[in-house]
Amino acid sequence: MPHDARAGGERLLASPPLIRFPTLLGPPADRALAALDRDLDWQRPRLRLFGRDHPIPRRQVWMGDAVYRYSGRDFAPIPWHPVARAIRDAVVARLAEAGIDADFNAVLLNRYADGGERMGWHCDDEPELGPAPVIAAVSLGADRPLRFRWKDRRAPAFNVDQPHDSLLVMGPGIQAELEHALLPRRAPGLRISLTFRRVRDG
Ligand SMILES: O=C(O)CCC(=O)C(=O)O
Ligand SMILES: [Fe+2]
C-alpha cells in the first residue's frame, strides 16, 4: 500500500498503516448525514454475548452486494443508497489519489444517537474479508474518537479523533495486530459512520 503524503493523508501509524484524511466530501457532508439518518431503516439487532441476548448499543444497516457474517449471524445487505454509493466512490477516488488501490462492495453503517451509544472492542477479521483487509471508515456528525489497542500490548492504546467528514483508512495488518472500539462519551450528538469493506463471495 504505497502512500503519497501530498494527497493529504495523515499517517498515524506507518506499519501497519493507519491513515486519516481530514475532509472527504466538503459541504455536502451535512446533507449526506441528514439523508442517511432520514432514509435508512436503522436496525438494532440482538447479538448473543456470553450466552445471553443483548440489543446492540447503537443502530446499524448493512448495505452492498455481498452477504456478511458477523458474530455468528448472516446479515443480508440492502441495495446501495445513492448517498452511500457516492461516498464510496469519493473514498475510492481519494485513495487512488493517495496511491492506495482499494475497492469496496459492502458497507456497515453505524448510527450512534448520542454519546452513550457505542461499539465494544473488536477487530474486523471475519474470514470473508481476507487475511489483510483495507477498511475505510467515514465519519459524519459528532466527533467521537476511535480507540486502538495493540493485541500484544507492545505500545500504549491511543485515540484517533474522527471529525465530521473525515476518512480513516485501516490498512493491511491493522485488524491482525490491533483492536478498536468506539467508547461512550459524555458529548452529545448524532454520529453516523460508514465502514467500507471488500467481502469475498463464495
Ligand atoms: O463507528 C466507528 O467509528 C467504528 C465502526 C467500526 O469499528 C466498524 O464498523 O467495524
Ligand atoms: Fe470495526
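This note sets out, in numbered points, the main features of one predicted protein model.

1. Basis of the model. The structure is a predicted model, in which local features need pLDDT of at least 70, side-chain atom pairs count only at pLDDT 80 or more, and totals for chains, interfaces and linings use all residues. Residues are numbered from 1 along each chain as its sequence is written, while chains are lettered from A and ligands numbered from 1 in the order in which they are written.

2. Overall form. The chain contains three helices and 15 strands; helices (H or I, at least four residues) and strands (E, at least two) are DSSP runs, numbered from the N terminus. Its radius of gyration is 16 Å, close to the 17 Å that the globule rule gives for 202 residues, so the chain is as compact as a globular protein of that length. Here the radius is taken over C-alpha atoms, and the rule is 2.2 Å times the number of residues to the power 0.38. Along the principal axes, the C-alpha atoms fill a box of roughly 45 × 40 × 40 Å.

3. Strands of a sheet pair through backbone hydrogen bonds, either parallel or antiparallel. Two strands are counted as paired if DSSP finds at least two bridges between them.

4. Three bridges join strand 1 to strand 2 (residues 18-21) in the antiparallel sense, and Leu 13 has Leu 18 of strand 2 as its bridge partner. Pro 16 lies in the loop between strand 1 and strand 2. The peptide bond leading from Ser 15 to Pro 16 is cis, with omega near -5°.

5. Strand 11 and strand 12 run antiparallel and are joined by three bridges; Phe 148 stands opposite Phe 158 in strand 12. In the loop between strand 11 (146-150) and strand 12 (158-160) is Arg 153, whose phi is near 60°, a positive value in a residue other than glycine.

6. A hairpin. Strand 3 (residues 46-49) pairs with strand 4 (residues 52-55) in the antiparallel sense over four bridges. The two form a hairpin with two residues between them, and Phe 50 in the turn has a positive phi of about 50°.

7. The ligand shell. Residues surrounding ligand 1 include Asn 110, Asp 124, His 180 and Thr 195; a residue is near a molecule if its C-beta atom, placed from the backbone, lies within 6 Å of it. Strand 8 (106-112), strand 14 (178-182) and strand 15 (191-197) each supply at least two residues of this shell.

8. UniProt, in an unreviewed entry, places the feature "domain: Fe2OG dioxygenase" at residues 103-200. UniProt positions are given in the numbering used here, feature names are shortened, and annotations may be inferred rather than shown by experiment. That span is 4% helix and 44% strand, and its end C-alpha atoms lie 12 Å apart.
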